[in-house]
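The entries below follow the order in which I worked.

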Amino acid sequence: MKVWVDADACPGAIREILYRAAERAAFQLVLVANRVLRVPRSPWIRMVQVPRGFDVADQHIVAESLAGDLVITADIPLAAAVIGKGVSALNPRGELYTRDNVQGLLDMRNFM
């Protein structure tokens, strides 16, 4: 299992918590962003820089994540896309996106 982070908008405090958790629990943490992020040197933590552009980081996460992985994102369309692949998704506050709630959240977002 890998934990993927949509890191462009992920708060720094949440990233710090994830760094410590990856080290402690020995899981692969992959941060995806269109800018360089400083991450701790660790065999468990990797940063992937993608080109600038609309939803480029999201597209990378959707393409690379596998069923059983976990995605941390505040981006509801990204959450909907990965859930369709059997990937779990949480928002940065720890709230789980599910097949049952993500469509309602997406409809509300589009309505606004």
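Before starting, I wrote down the cut-off I would need: a residue counts as buried when its relative accessible area is under 20%, and as exposed when that value is over 50%. I also noted that the model is a predicted one.

Entry on helix α2. I looked up which residues of α2, the helix that covers residues 56–64, are buried, and I found A57, D58 and I61. I then checked how they are arranged, and because they cover an arc of only 100 degrees around the axis, they lie on the same side of α2. I reminded myself of the general rule that an α-helix has 3.6 residues a turn, so residues three or four places apart point the same way. Next I turned to the face of α2 that is turned away from the buried side, where I found the exposed residues Q59 and A63. Finally I asked what the buried residues of α2 pack against. Their partners are the strands β1 (2–6), β2 (28–33) and β4 (70–72), together with the helix α3 (76–83).

Entry on I45. I located I45 in strand β3, which covers residues 45–49. I put I45 down as buried because its relative accessible area is 8%, and this is under the 20% cut-off. Leaving aside neighbours within four places in sequence, I listed the contacts of I45 as Y19, A22, E23, L29, L31, V39 and P40. I also compared I45 with Q103, which is 58 residues away along the chain, and found their C-alpha atoms separated by 31 Å.

Entry on A7. I found A7 in the loop between β1 and α1, the latter being residues 12–25. Is A7 buried or exposed? I recorded A7 as buried, since its relative accessibility is 0%. Apart from neighbours within four places in sequence, A7 is in contact with R15, L31, V32, A33, R35 and L37. From A7 to G86 I noted 79 residues in sequence and 21 Å in space, C-alpha to C-alpha.

Entry on P92. I found P92 in the loop between β5 (88–90) and β6 (96–97). With a relative accessible area of 22%, P92 is partly exposed. When I set aside neighbours within four places in sequence, the contacts of P92 were P11, I14, I72, T73 and A74.

Definitions and conventions: Residues are numbered from 1 along each chain as its sequence is written. This is a predicted model: local features need pLDDT of at least 70, side-chain atom pairs count only at pLDDT 80 or more; totals for chains, interfaces and linings use all residues. Side-chain values use heavy atoms; hydrogens and water are left out. Helices (H or I, at least four residues) and strands (E, at least two) are DSSP runs, numbered from the N terminus. Buried means under 20% relative accessible area, exposed over 50%, partly exposed in between (1.4 Å probe, protein chains only). Contact means heavy atoms within 4.5 Å. The arc is that of the directions from the helix axis to the C-beta atoms.
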